[in-house]
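Visitor: I have a structure to go through with you. Can we put it up and start with the pockets?

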Amino acid sequence: MDKNRKQHQNDKIHQLERDGEDADGQMLTTNQGLRINDDQNSLKAGDRGPSLLEDFHLREKITHFDHERIPERVVHARGSAAHGVFQVYESMAPYSKAKFLHNPAVKTPVFVRFSTVVGSRGSADLARDVRGFAVKFYTEEGNFDLVGNNMPVFFIQDGVKFPDLVHAVKPEPHHEMPQAASAHDTFWDFISLMPESLHMIMWVMSDRAIPRSFRMMEGFGVHTFRFVNEKGKSRFVKFHWKPLLGVHSVVWDEAQKISGLDPDFHRRDLWESIEQGNYPEWEFGVQMIEEKDEDRFDFDLLDPTKLIPEEVVPVKRIGKLTLNRNPDNFFAETEQVAFHPGHIVSGIDFSNDPLLQGRLFSYTDTQLIRLGGPNFHEIPINRPIAPVHNNQRDGHMRHTINHGRASYHPNSLGGGCPMQAGQDMRGFISYAERIAAGKVRARSEKFFDHISQAALFWNSQSHPEKGHIVQALRFELGKVEVPAIRSRMVGLLAQVDKTLAGLVAQGLGIPVPTKIEGPLNLSVPAGQDPKWFQPKPRTPSLERSAALSMSATVKDTIKTRKVAILAADGVDSAALERMKKALLAEGAQVKVVAPRLGVLRGAAKGGEISIDFSFLTAGSVLFDAVYIPGGEQSIEVLKGDAKALMFVKEAYLHCKAIAATDAGIDLLLAAHPAQDKTALSHMKGTQPDERTLLRVDEGIIASRSDKNGRVAAQFIHAIAQHRHWVREMKDQIPA
Ligand code: HEM
């Protein structure tokens with residue numbers, strides 16, 4: 001940890017350290033610096049008497065404690081963050097005058113916060129939800145915040161609907177249930193009346209909403225922004241983050257179990273990875289569109305419910321983000337950080353996306369109350385590394401001691417300072433977009449194609465991914481109590497895809513409605529043409545986009561993957577050590593799970609093995625793969641342990657790679673993961689070639705005679721595939 005601290009210094013870290021406090025070897029004091037002699041007893045009138053008002057230490061300590069909480073974020077309350085750096089690969093000067101995008105040698109400090117949207121601060125990480133992906137770049141020209149999500153589109157098209165969306169999805173107001181979940185009536189009531197949300201619903205019902213790790217999520221700026229170069233030329237731009245470890249998710253049954261076993265699963269994963277030196281990395285990508293091409297798409301670039309398929313405009317990877325340092329203090333940094341999509345630097349500008357425009361108002365406004373006043377930019381984590389000079393003064397908790405008499409402009413008493421910076425001195429100027437329009441409450445016509453891209457997403461999914469979406473919708477709508485809401489929702493899904501709607505309806509035991517109710521958005525004032533509020537699908541120009549499916553993601557590494565080795569006394573310690581060595585060599589993490597904690601004795605001349613977890617403190621859902629080494633005695637114990645059997649069974653049901661050698665195969669058989677029982681029992685044969693079962697496509701690698709270490713190599717390949725959905729095709733998984 002200390003090594004990390006020393007290694008990863010940057011301008012922002014140096015600045016933060018000026019506010020650090022370290023109590024090592026120090027005396028306890030009051031906030032006034034007075035040394036405390038007794039922190040165990042309050043000051044009393046006699047040893048059985050009442051406490052005295054005079055006890056300033058008691059009063060100070062309790063008063064501070066009474067005020068320790070601040071309001072949690074109204075959305076994205078649950079989050080985890082880390083420090084790091086961003087480096088551009090090559091100069092982007094032709095496209096943007098943003099200096100931090102010019103010099104590949106410059107490492108720009110960043111602070112990145114990942115979050116769920118719906119749950120409270122203490123909710124579980126594995127809720128089905130969008131993940132926030134907010135990056136604060138501390139550039140030499142001021143802070144740039146890219147406040148994005150792990151999905152490229154959003155539920156609504158106009159900021160004016162955000163409070164409605166959030167009221168609908170949050171716990172219902174009469175009984176404050178359910179926590180951190182969208183599976184309830186008010187959410188689906190709203191969604192079923194808001195066809196513009198359909199595309200986002202496809203994403204949220206997909207496995208993207210239950211990531212394996214923050215480190216394995218994509219990130220998106222969602223809105224169209226602008227790049228503006230030195231000559232004032234503007235291009236539209238969409239921002240992307242591409243994780244180097246690939247995009248991977250867990251399955252829903254697993255997510256629910258993780259929420260019980262380790263509600264901090266994502267937070268812990270991020271923290272531990274950084275502590276271990278496994279620094280999470282993403283490439284920064286941009287899709288750039290010339291201004292003249294603004295209208296060439298069959299959707300509106302300003303519509304945040306639409307994405308630009310990568311097949312239409314490729315993502316140019318322009319730099320790399322590396323997270324290399326955990327925060328020192330959760331509250332001071334992760335909780336007090338204030339992101340704002342309106343924090344931009346010269347070279348980046350906004351588009352007229354009406355959702356983005358709504359956000360530009362929201363963030364400072366909410367932070368004024370969350371952080372208690374107008375000076376939260378002075379909180380260490382929020383301070384830019386660029387100098388700040390202006391005539392803003394005073395207010396709650398002001399830290400800066402501004403010198404001089406003049407706090408206005410123009411002034412002569414302060415020599416006219418601080419001065420406005422000319423364009424040649426890199427003063428920010430907004431992009432001078434020409435606008436000639438009437439003042440209206442309206443949306444452009446292309447916004448009303450709510451269907452095509454929802455269908456594009458559905459069509460682009462692999463067979464297992466489609467199955468998971470169906471199951472998610474069955475789960476979510478199954479929790480809805482009002483039948484009319486379920487039915488209306490299935491009617492909307494039928495507009496996306498008839499098979500999808502049919503499968504969901506089948507699970508809900510209802511028919512697919514023959515016609516859609518209308519107008520859907522019942523708030524349309526009487527007399528207004530309702531057709532505007534109905535989906536108006538256009539013929540899509542693209543039927544599928546490979547980039548939308550996780551099936552083709554990075555599958556050539558097991559770096560940082562967690563492998564459980566199941567063992568008890570008498571384990572074949574040589575086989576265990578051999579496998580451990582092979583996995584560690586590939587960058588995986590290996591943990592021994594046993595019926596109890598402490599140390600195991602290996603079989604025969606085998607040595608001692610430290611146990612990392614007992615079956616009580618870990619479950620298979622916390623791991624990516626399982627290995628069962630032989631050792632007759634060990635396997636006899638494990639076969640009699642219901643939790644060990646459950647461990648193997650769940651790993652199988654969740655389609656994870658499983659390896660077993662020698663007697664280890666008998667535990668696999670005892671757990672009888674459905675379809676493989678027959679195949680595995682053949683291995684009781686005596687011919688050597690019958691003793692090895694390498695079903696790599698199914699992620700089961702078992703051998704009774706692994707003399708040449710073939711099992712480890714095949715196991716490593718199987719883990720890298722992440723999951724073996726072919727097992728699921730047998731409909732065994734409660735996804
Ligand atoms: C008009 C629509 C929106 C409004 C009014 C809105 C409002 C808010 C508010 C009030 C917060 C809490 C901020 C704080 O307390 O510091 C927040 C956080 C956040 N929002 Fe939005 N939001 C909107 C749309 C979006 C969209 C479209 C995205 C993604 C592109 C997004 C991403 C985030 C993220 C990542 C955070 C958490 C930032 C952090 O980690 O502190 N929001 N939003």
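Guide: The lining of the largest pocket divides into 14 nonpolar, 11 polar and 12 charged residues. Keep in mind that this is a predicted model.

Visitor: How much space lies in the largest pocket?

Guide: About 1,500 Å³. The pocket is lined by 37 residues, and those closest to its centre are Asn-329, Phe-331, Ala-332, Gln-336 and Pro-380.

Visitor: Which helices each supply at least two residues of that lining?

Guide: Helix H2 (11-17), helix H9 (330-335) and helix H10 (354-370).

Visitor: And the second largest pocket, how much space and how many lining residues?

Guide: The second largest pocket holds about 1,300 Å³ and is lined by 30 residues. Nearest its centre lie Glu-141, Gly-142, Pro-387, Val-388 and Asn-390. Strand E4 (142-149) and H10 are the elements that give two or more residues to this lining.

Visitor: How do its lining residues divide?

Guide: Into 14 nonpolar, 12 polar and four charged.

Visitor: Next, Ile-565. Where does it lie, and is it buried or exposed?

Guide: Ile-565 lies in strand E11, residues 562-566. Ile-565 counts as buried because its relative accessibility is 0%, and the cut-off for buried is under 20%.

Visitor: What is Ile-565 in contact with, leaving aside neighbours within four places in sequence?

Guide: Its contacts are Leu-576, Lys-580, Val-590, Lys-591, Val-592, Val-593, Tyr-627 and Pro-629.

Visitor: And what separates the C-alpha atoms of Ile-565 and Ile-719?

Guide: 14 Å, with the two residues 154 apart along the chain.

Visitor: One more helix, H8. Which of its residues are buried?

Guide: In H8, residues 265-275, the buried ones are Phe-265, His-266, Asp-269, Leu-270, Ser-273 and Ile-274. Seen down the axis of H8, they fall within an arc of 155°, so they line one face of the helix.

Visitor: Why would residues spaced like that point the same way?

Guide: An α-helix has 3.6 residues a turn, so residues three or four places apart point the same way.

Visitor: Which residue with positive phi follows H8?

Guide: Gly-277, with phi near 85°.

Terms used. Residues numbered from 1 in each chain as written. Predicted model: local features only at pLDDT ≥ 70, side-chain atom pairs only at ≥ 80, totals over all residues. Heavy atoms only, no water. 1 Å grid on protein atoms, 1.4 Å probe; cavity = no way out; pocket = protein on both sides within 12 Å on 5 of 7 lines; lining within 4 Å. Points joined across faces, edges and corners; volume = space filled by probe spheres on them. Helix = DSSP H or I, 4+ residues; strand = E, 2+ residues; numbered from the N terminus. Nonpolar A, V, L, I, M, F, W, Y, C, P; charged D, E, K, R; others polar. Buried < 20%, exposed > 50% of the residue type's maximum accessible area, 1.4 Å probe, protein only. Contact = heavy atoms within 4.5 Å. Arc of directions from axis to C-beta.
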